[in-house]
Amino acid sequence: MDRARHSDVVVLGAGVSGIYQIKRLVDLGIDAVVLEGEDDLGGTWYRNRYPGCRFDSESYTYGYSFSKEVLDEWHWKERFSSQPENLRYLNFVVDKFDLRRHMRFGSRVERMAWDDSARHWHLRLSDGSSHTARFVITSLGPLSAPTLPSYDGMDAFEGEAFHTFFWPAEPVALEGRRVGVIGTGATGIQVIAEIADKAAELKVFQRRPNWSTPLNNSPISDAEMDEIRGRYDEIFANCAASPGGFEHVPQWGFWDKTATERRAFWDELYSQSGFAILAANFAEIFFDETANRELSDYIADRIRGRVDDPAVAEKLIPTDHGFGLQRLPLETHYFEAYNRPNVELVDLRETPIEHFTRTGIQTSGAHYDLDLIVYATGFDAITGAYDRVEILGVDGTSLAERWRDGPSTYLGVLSHGFPNLFMVAGPQSVSGSTNFPRAIETGVDWVTDLVAYAFENGHSRVEAELGAEQEWVNEVIRAHERMLFRRSKGWFTGYNSNVAGHQEGSVRYQAYFGGAPRYRAKVDAIAADGYEGIQLG
Ligand code: NAP
């Protein structure tokens with residue numbers, strides 16, 4: 001007999017979004033529980049324990065804004081806080097509001113099916129138990145489905161090997177060991193820079209190089225933290241007004257300056273911290289190929305100035321996409337790592353990996369003996385976490401099937417045919433393209449209001465109208481097509497060489513690039529209008 005537990009609302013995932021989501025629901029007195037597959041809370045900051053893992057948003061723009069007490073009590077120690085500290089922060093917030101008792105860990109949902117007559121979701125968990133819920137809110141995270149390459153012989157390797165997402169909690173010995181890192185995205189760049197002086201030998205297996213600029217991290221003193229606390233209202237107002245959810249704001253005016261003035265401006269931005277070089281730059285760099293090329297040339301010169309061997313420098317400079325047209329990794333002494341005698345860049349475009357062996361990696365040029373292989377090979381971004389749960393909507397329609405060629409959502413929150421399923425930071429919302437917590441607060445608040453509205457007005461079935469959804473998808477496509485990155489190969493555009501249907505040539509409109517203020521104005525207007533485009537039954 002199926003002895004399913006029931007909650008009015010089930011939240012999937014106890015990461016940054018799930019924590020805030022359960023807080024809002026509990027405050028409203030709604031019967032809700034978080035189901036989390038991992039053994040503890042924290043989501044991305046629980047899992048990604050690799051050396052060098054840290055924010056690349058300023059810590060004080062990343063933290064939650066909803067509680068004055070949290071803002072007053074928490075002291076960020078670094079401008080770009082590291083993973084252990086970020087996990088402590090999330091635990092601090094959860095403990096402060098006693099939210100842990102609303103979370104069930106080790107509870108991975110494998111399948112959820114909509115029952116249209118009962119008007120609830122039926123969830124099956126990996127431990128065999130079941131749960132029913134009137135509403136399901138997914139807080140699955142955009143980068144929570146790691147992907148591995150599929151080279152011949154990977155299983156034959158007898159050394160240690162793992163994806164960065166599964167970097168063990170217990171210390172991993174690097175001293176005296178020969179380490180190979182595959183992948184030079186934001187993760188690879190952080191881990192390479194951090195372990196270059198620790199491993200005996202470090203081989204970096206790079207396919208396509210990425211642009212990267214200095215993070216310029218620094219400690220935050222007590223006095224500076226006091227100043228930040230006094231400025232929190234202003235900080236969050238600035239973030240709310242900017243397209244990317246940061247304090248940095250892009251300015252039009254590239255063509256109003258001379259080339260010399262532009263270089264002076266970029267010198268200044270290059271020495272600033274975080275995403276300033278991207279988000280406080282001329283807006284034209286995202287739309288105008290000539291502007292983007294000039295900036296790319298500038299950054300290329302910076303790389304040449306930091307890498308001793310000119311041949312290695314050229315290999316580290318992207319030639320297939322302009323600066324900022326894939327998600328920009330930020331770095332700390334990354335380029336200088338290649339000046340070390342124990343670090344070697346293996347260019348996989350010149351000498352591709354042929355297969356793995358018991359003792360290492362064979363490329364077309366050489367065999368590399370390794371003790372540890374680190375896969376920094378990225379994620380099936382934004383929709384991957386949804387594909388990994390079997391989600392069956394009205395008439396048993398599979399969400400993965402419906403989204404096979406790319407997601408289709410209304411506002412990044414609902415998908416037609418899947419009633420009472422609300423996605424926080426979902427596909428085609430603004431969260432994939434902006435400072436994540438700023439966007440999730442928008443998402444959580446909006447979803448919470450919708451759930452409260454449904455309860456207050458006795459609506460037991462909430463579904464996006466197909467026409468409204470199609471209009472939103474068109475708006476997502478229009479915003480995407482305006483930007484230069486539409487032609488680049490990164491997770492923004494759904495590219496992942498290791499996932500069928502996401503490879504070269506396929507474009508998936510996975511995130512809304514119209515900017516956070518425009519997104520917020522849109523969703524707020526829809527709520528104010530009695531949830532236009534949503535069927536409430
Ligand atoms: P990623 O940007 O997708 O990079 C994956 C890397 O692995 C790429 O260099 C890719 O090369 C390489 N790769 C994949 N499959 C390969 C294969 N079969 N053979 C050789 N190389 C292969 O993934 P990520 O670095 O994990 O970053 C993902 C996102 O996570 C970031 O963009 C960022 O949004 C987020 N992140 C954030 C932070 C932070 O906030 N501080 C830190 C880390 C990550 P190709 O380009 O040639 O495919």
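An oxygen atom of the ligand sits 3.2 Å from a polar backbone atom of alanine 376. Taken alone, the ligand exposes 910 Å², and the protein buries 88% of that. This is a predicted model. The ligand lies between domain 1 and domain 2, because both domains give residues to the shell around it.

**The ligand and its shell**

- The shell holds 26 residues, and Arg54, Tyr151, Thr187, Arg207 and Trp491 come nearest to the ligand.
- By class, 12 residues of the shell are nonpolar, nine are polar and five are charged.
- Helix H6 (residues 186-195) gives the largest share of the shell, with three residues.
- A nitrogen atom of the ligand is 2.5 Å from an N or O atom in the side chain of tyrosine 151.
- A polar backbone atom of alanine 186 is 3.0 Å from an oxygen atom of the ligand.

**The two domains**

- The domain assignment of the protein chain gives domain 1 as 4-144 + 380-464.
- Domain 2 is given as 148-210 + 329-378.
- The contact between these domains takes 11 residues from domain 1 and 11 residues from domain 2.
- Their C-alpha centres lie 32 Å apart.

**Threonine 184, a loop residue**

- Threonine 184 is in the loop between strand E8 (178-182) and H6.
- Is threonine 184 buried or exposed? Its relative accessibility is 5%, so threonine 184 counts as buried; the cut-off for buried is under 20%.
- The side chain of threonine 184 reaches the backbone oxygen of arginine 208 at 3.4 Å.
- Leaving aside neighbours within four places in sequence, threonine 184 is in contact with Ile189, Ile192, Val204, Gln206, Arg208, Pro209, Asn210 and Tyr334.

**Glutamate 504, another loop residue**

- Glutamate 504 is in the loop between helix H16 (466-482) and helix H17 (516-528).
- Is glutamate 504 buried or exposed? Its relative accessibility is 60%, so glutamate 504 counts as exposed; the cut-off for exposed is over 50%.
- Not counting residues up to four places away in sequence, glutamate 504 touches Lys489 and Tyr495.
- With lysine 489, the link is a polar contact between the two side chains, at 3.3 Å.
- Glycine 494 is 10 residues from glutamate 504 along the chain, and their C-alpha atoms are separated by 9.5 Å.

Definitions and conventions:
Residues are numbered from 1 along each chain as its sequence is written. This is a predicted model: local features need pLDDT of at least 70, side-chain atom pairs count only at pLDDT 80 or more; totals for chains, interfaces and linings use all residues. Side-chain values use heavy atoms; hydrogens and water are left out. A residue is near a molecule or strand if one of its heavy atoms lies within 4 Å of it. A polar contact is a pair of N or O atoms within 3.5 Å; within protein, one must be able to donate a hydrogen and the other to accept it, and residues adjacent in sequence count only if both atoms are side-chain atoms. Accessible areas come from the Shrake-Rupley method with a 1.4 Å probe; for residues, only the protein chains shown count as cover. Helices (H or I, at least four residues) and strands (E, at least two) are DSSP runs, numbered from the N terminus. Ala, Val, Leu, Ile, Met, Phe, Trp, Tyr, Cys and Pro count as nonpolar, Asp, Glu, Lys and Arg as charged, and the others, Gly among them, as polar. Domain bounds come from an automatic or database domain assignment. Buried means under 20% relative accessible area, exposed over 50%, partly exposed in between (1.4 Å probe, protein chains only). Contact means heavy atoms within 4.5 Å.
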